[in-house]
Amino acid sequence: MSANSLVDIRDVSLTYGQGVEGTLAVEHLTLEIEKGDFVAVVGPSGCGKSSLMKLVTGLVPPSSGSIFVKGEKVTRPIQGVGMAFQNSTLMPWRTTLDNVMLPFEIVEPHKRHLRSERGKYVAQAEQLLQTVGLGKFGKKFPWELSGGMQQRANLCRALVHQPELLMLDEPFGALDAFTREELWSVMQNLWIQKRFTAMLVTHDLREAVYLSDTVFVISHRPGRVIYRAEIDLPRPRTLETTFEPKFIDIVHDLRSRISHELAT
Amino acid sequence: MTNTRRLQILAPWAVTVALFVMWELACWLLSVAPFVLPRPSLIFKTMYDFHTQLIDHSLHTLFTTVIGFVLAVIGGLLIGIAVGASRFVYVALYPLLIGFNSIPKVALVPIIVIWFGIGTVPAIITACSVAFFPIAVNIATGLATIEPEMRDVLRSLGASSWEILTKVGIPRSAPYLFASLKIAITLAFIGSVISETVASNKGIGYLMLSASSRFEVPLVFAGLLVVGAMGIGMYAICVIFESRMTRWAFRGQDMQG
């Protein structure tokens with residue numbers, strides 16, 4: 001384990017269910033995420049990518065092996081992680097701004113200070129909404145926003161308390177291609193500004209390459225890491241980057257690894 | 001105001017008036033005896049003649065119903081939250097709740113009377129015992145159907161079960177709660193009137209029973225109409241609360257529509 005790694009997954013297996021009928025979701029999986037890195041995990045569907053996220057955040061305990069976050073073994077849900085799913089899971093009874101404020105109500109030390117310094121926190125949330133182009137929409141309810149805007153608000157909620165670790169489970173999966181590409185850029189800008197550590201689970205290879213420093217390819221269920229690609233394309237990457245030969249080569253390479261995996 | 005809106009407001013009144021007119025005509029044409037089915041005009045006249053008694057008794061019924069309803073809301077909320085939040089409580093309690101709800105409450109009244117004597121208390125208890133069930137079931141449903149992703153987001157932020165309950169569970173169940181209140185208030189009327197009919201010396205139920213034993217059928221019908229009208233009134237109050245408190249659940253709909 002290197003000194004810098006924020007997440008360290010060592011030889012982890014996960015079985016759902018019990019006995020003979022249990023399904024092995026993840027098997028002997030080992031991977032490390034350095035602090036400040038943007039890591040993507042790709043693989044065929046049903047390869048246990050989402051299980052991996054639940055393992056890292058401690059929502060599901062591993063059947064064997066161990067997971068360390070910030071050098072500490074994960075035994076229960078770790079606190080203050082930002083999470084965003086494909087379904088935006090915003091609360092329809094709260095305005096967009098109040099949705100984004102949610103982590104402040106739960107995560108310490110913000111929770112203690114929220115009452116006395118509410119103005120400061122509101123300003124932080126509004127500032128973040130501004131960065132993703134939702135400055136004027138804080139007072140609107142989520143259901144008054146388009147799918148893409150909801151997903152921007154969702155990212156804001158995941159990031160507003162400046163978590164060290166951000167978990168993204170196909171957050172752009174339900175969006176149309178144009179909106180998705182736009183949000184890649186929004187995501188990248190946020191990451192460049194704040195330099196959190198992020199783990200993105202996706203099946204979109206272009207998305208993975210566009211956003212991350214390292215891409216892990218996971219095998220068919222039970223999931224293992226079968227390939228690791230360092231993406232050394234310069235940042236900030238733009239939509240133009242995605243048409244450059246180098247970008248296409250990387251995507252192509254990843255694609256063939258997954259095809260190979262599916263064939264075996 | 002558009003014409004469609006105006007029609008929608010007028011329609012329920014028009015239909016009610018039309019029903020009474022048809023009823024009046026039918027009684028008149030078929031010359032039905034007033035002690036079998038009194039004409040609406042006679043019922044309204046009786047209402048006027050007996051208005052002090054009617055108001056007195058119906059206010060009493062309204063009072064017992066509302067008290068019973070409020071108790072049912074409190075009890076239903078507590079049971080619903082317990083059943084919805086904990087799988088164990090659900091498994092343990094649900095058969096019992098179903099069993100209790102299947103008992104005809106009119107059969108309970110004599111027992112309650114043995115415990116508390118006749119009058120107001122049995123009416124309140126009966127109203128409460130009929131009305132709490134839909135509230136409990138709806139709250140439990142609202143809590144049990146929280147999206148797993150929503151739960152994961154909160155848990156990974158470090159939220160306690162209590163925080164998940166108060167920040168997601170209860171607001172999310174609010175539309176279910178208000179839908180059930182509309183059912184519960186009408187059930188509460190049924191409960192209190194049943195109890196008054198069986199064992200009371202006050203209330204609309206008692207008034208109707210004593211009127212029918214004297215063959216004053218128009219007064220019985222007057223009582224029925226009053227109970228119906230109070231039911232509509234309380235239902236309307238619940239609807240107003242519902243639309244105020246859970247606007248988000250009716251998104252995209254015309255609230256007035």
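Q: In chain A, what share of the contacts between residues at least 6 apart in sequence join residues at least 24 apart?
A: First, the idea: two residues are in contact if their C-beta atoms, placed from the backbone, lie within 7 Å. In chain A, 71% of those contacts join residues at least 24 apart. By the way, this is a predicted model, where local features need pLDDT of at least 70, side-chain atom pairs count only at pLDDT 80 or more, and totals for chains, interfaces and linings use all residues. Residues are numbered from 1 along each chain as its sequence is written, while chains are lettered from A and ligands numbered from 1 in the order in which they are written.

Q: How many helices and strands does chain A have?
A: Helices (H or I, at least four residues) and strands (E, at least two) are DSSP runs, numbered from the N terminus. Chain A has eight helices and 10 strands.

Q: And what about chain B, how many helices and strands there?
A: Chain B has 10 helices and zero strands.

Q: What percentage of chain A is buried?
A: A residue counts as buried if 20 or more other C-beta atoms, placed from the backbone, lie within 10 Å of its own. That's 42% of the 264 residues in chain A; in chain B, it's 37% of 257.

Q: What spans do the C-alpha traces have along their principal axes?
A: Chain A spans about 55 × 45 × 35 Å, and chain B about 75 × 60 × 30 Å.

Q: How many residues of each chain are in contact with the other?
A: 18 residues of chain A touch 16 of chain B. Strand E6 (82-85) and helix H2 (96-106) of chain A are the elements giving two or more residues to chain A's side.

Notes:
Buried ≥ 20, exposed ≤ 12 C-beta atoms within 10 Å, placed from the backbone.
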